Amino acid sequence: MTPNLTWAQVRDLKCAELEGAADGWGRSSNRADAARDRIEQQLLTGLRETQEGEAAQAAVARLRQLGRNFQYVYTECGLLRTTLNSLAHEMRTQQRALTDALDDAAARKFTVHADGSVTYPSGGEGLVDGAPLRGGTASSSASPGLVPPSGLVAPNPHSAKAQDIADRVCGAVRAAAEIDWRYAGILRRLKAEEGLKVPASTWKDAAGDAAEVRDAAGAYLKDAIPRDASPAARRDWWAGLTQEQREEYLAVYPDQIGNLDGIPALVRDAANRDNLQLLIGKLEGRDDEKSMTQLAGLREIDRQLGAAAKPGEPPMFLLGVSDEGNGRAIVSYGNPDTSKNVAAYVPGLNTSLDEDFAKNDLKRALDTAKGSRYLDASSAAIAWLGYDAPQLVDGFNSLDVAGESRAVEGGRRFSEFTDGLAATNEHEDPHLTAIGHSYGSRTVGAAAQQGGIPGVDDIVLVGSPGVGVDRAEQLGVGKEHVFVGAAENDVVTKLPAKQQVAAGAMAALSGPFVYVVGDVADQGDDDLWFGKDPASEAFGARRFRVDDGPGVVSSDGLSIDAHSQYFDPKRDAASAHNISLIAAGRPEKIRSQEYR
């Protein structure tokens, strides 16, 4: 099409041919995806299992590069398919508007000329002699090159309708020309560098390509994504799509499909692995601290996804990833849809999408998964960083740490996530466990206070500064299903109550008698910053055995290591085993510990 687009060209455009071309690109995209799967699932696995040495390592690196190349081909071909389908969709809309106008003109015996003007016949009666009024020609002033109206109001009753038809014809042609120009630009930019290697700069371009196609295809695909629906409704929406529709959503909106609770885990994993590459490309080359921090975390997750699983380790599923806020990442070890037992661990203070999270927080989920799978093979464990955990800015003076707003918002998101787990799990009655560590326990508590945590049967709280309630039964699962681990040397589990802090501040000004206020307010000395100490008898949870942990003061200086080893089977075997027992649905076998 050219800037001199005519209504005849719009009318005669064969949108089915555009859709046929889209199907061809779709087939190419699927072949690239199949080739990538074969490399990752067969060739790499076989090579790692049978070969060793430098040559084998070099071959693995080359195969991984080839797999990334196929992934890029899959992404770009998928974008081309959706671009052409979206073009056909928008053009067909203008064709319908044009056809309606032309049919209206034919029914009234009007003539539509090549320039879009509309000639109408004589009609009506003259006021003086009663003779039929002369016909004329109406032109739309909105279309360049057409004759503008004179401004006189013609009494012929056909005049107004002819003007309406001319405006509709012109509007459809102008809209079609704008659509053609917009999509031509997108298609020209969907191209790759020459050569066999797909460098990081090319993935950066791919991220831009995907964003541009997403914007263009909003009416075609994006507006139908059920963002505000329940996870169960989203599950049903996905199940009702055709295979072609699913493929297009995965190619164009991997960020949204991959992070949508209620979408099956295998689909989310596939979408997020592609989105991971787009995010890496997006952040590549930026020099601000946030981007560099998140990029390091994303690269480490990518490394782990591409590495061979060690014997006895469950497969890794990427259930969510984005650069929103301090970063988001949700990783499952074991398929949460096919596992009978699913545990979701919520990290706390100072957690963000960085290299430390990718190495240490993911290991906590992995250790829990391995421990629970040893007890019941149908088990999975998840590290859920789906909210902005508080960050230490100036020591412990951060208001985010002291406050509860992030826990409340995180609790809402966590509830939606567990609702999605329950919706997609294949078992009739799956066993779900929510594990909150540090400030993450306050987040789990906030989720429980917002109507209960959907699908969750058991709650585990470790290293907790309080959960926002004073009794275990207030968490909605029954106090016998609330479990607490608190190391003797974990200072976070001994943070003083707010009223005690206030009394201490007053004492500095008013003398020692003010400490009595704190003692009266907390007579049992079992209140923490966010409420009753979960490890206290007054709270009423089931306290399980954990090691004391390293002392706060040692020859090496100050240490808070006791706060971070609950999941580690080497540093705290008792705690890790008890957590695994609960996650595997065997809480009757845990070792108990006396209340504080």
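The buried residues of helix H14 are Tyr439, Gly440, Ser441, Arg442, Thr443, Val444, Gly445, Ala446, Ala447 and Ala448, where buried denotes under 20% relative accessible area, exposed over 50% and partly exposed in between (1.4 Å probe, protein chains only). Helix H14 spans residues 439–449 and is mostly covered, with 10 of its 11 residues buried. Gly451, which has a positive phi near 95 degrees, follows H14. Helices (H or I, at least four residues) and strands (E, at least two) are DSSP runs, numbered from the N terminus.

The model is predicted: local features need pLDDT of at least 70, side-chain atom pairs count only at pLDDT 80 or more, and totals for chains, interfaces and linings use all residues. Residues are numbered from 1 along each chain as its sequence is written, and side-chain values use heavy atoms, with hydrogens and water left out. The chain has a mean pLDDT (the predictor's confidence in each residue, from 0 to 100) of 85, and 85% of its residues reach 70 or more. Over residues 142–154, however, the pLDDT is below 50, and this stretch has 15 contacts beyond near neighbours in sequence; contact means heavy atoms within 4.5 Å.

Helix H9 (residues 265–283) packs with helix H10 (residues 289–306) at an angle of about 145 degrees, and their axes are 10 Å apart. Axes are lines fitted to C-alpha atoms, for helices over the stretch in contact, and angles run from 0 to 180 degrees between N-to-C directions. From H9, Arg273, Leu276, Gln277, Leu279, Ile280 and Leu283 meet Ser291, Gln294, Leu295, Leu298, Ile301, Asp302 and Leu305 of H10.

An open sheet is formed by three strands in the order E1-E2-E3, with antiparallel pairing; two strands pair if DSSP finds at least two bridges between them. Strands E1 (111–112) and E3 (136–138) are the edge strands, each pairing on one side only. Strand E2 (residues 118–120) is joined to E3 by three bridges, and Val118 stands opposite Ala138 in E3. Helix H4 (residues 157–189) packs on the sheet and touches E2 and E3, its direction making about 165 degrees with that of E2.

Arg234 lies in helix H6 (residues 231–239) and is buried, with a relative accessible area of 3%. A polar atom of the Arg234 side chain lies 3.2 Å from the backbone oxygen of Ala229. Beyond its neighbours within four places in sequence, Arg234 is in contact with residues including Pro226, Leu260, Ile263 and Glu416.

Note on methods:
A polar contact is a pair of N or O atoms within 3.5 Å; within protein, one must be able to donate a hydrogen and the other to accept it, and residues adjacent in sequence count only if both atoms are side-chain atoms.
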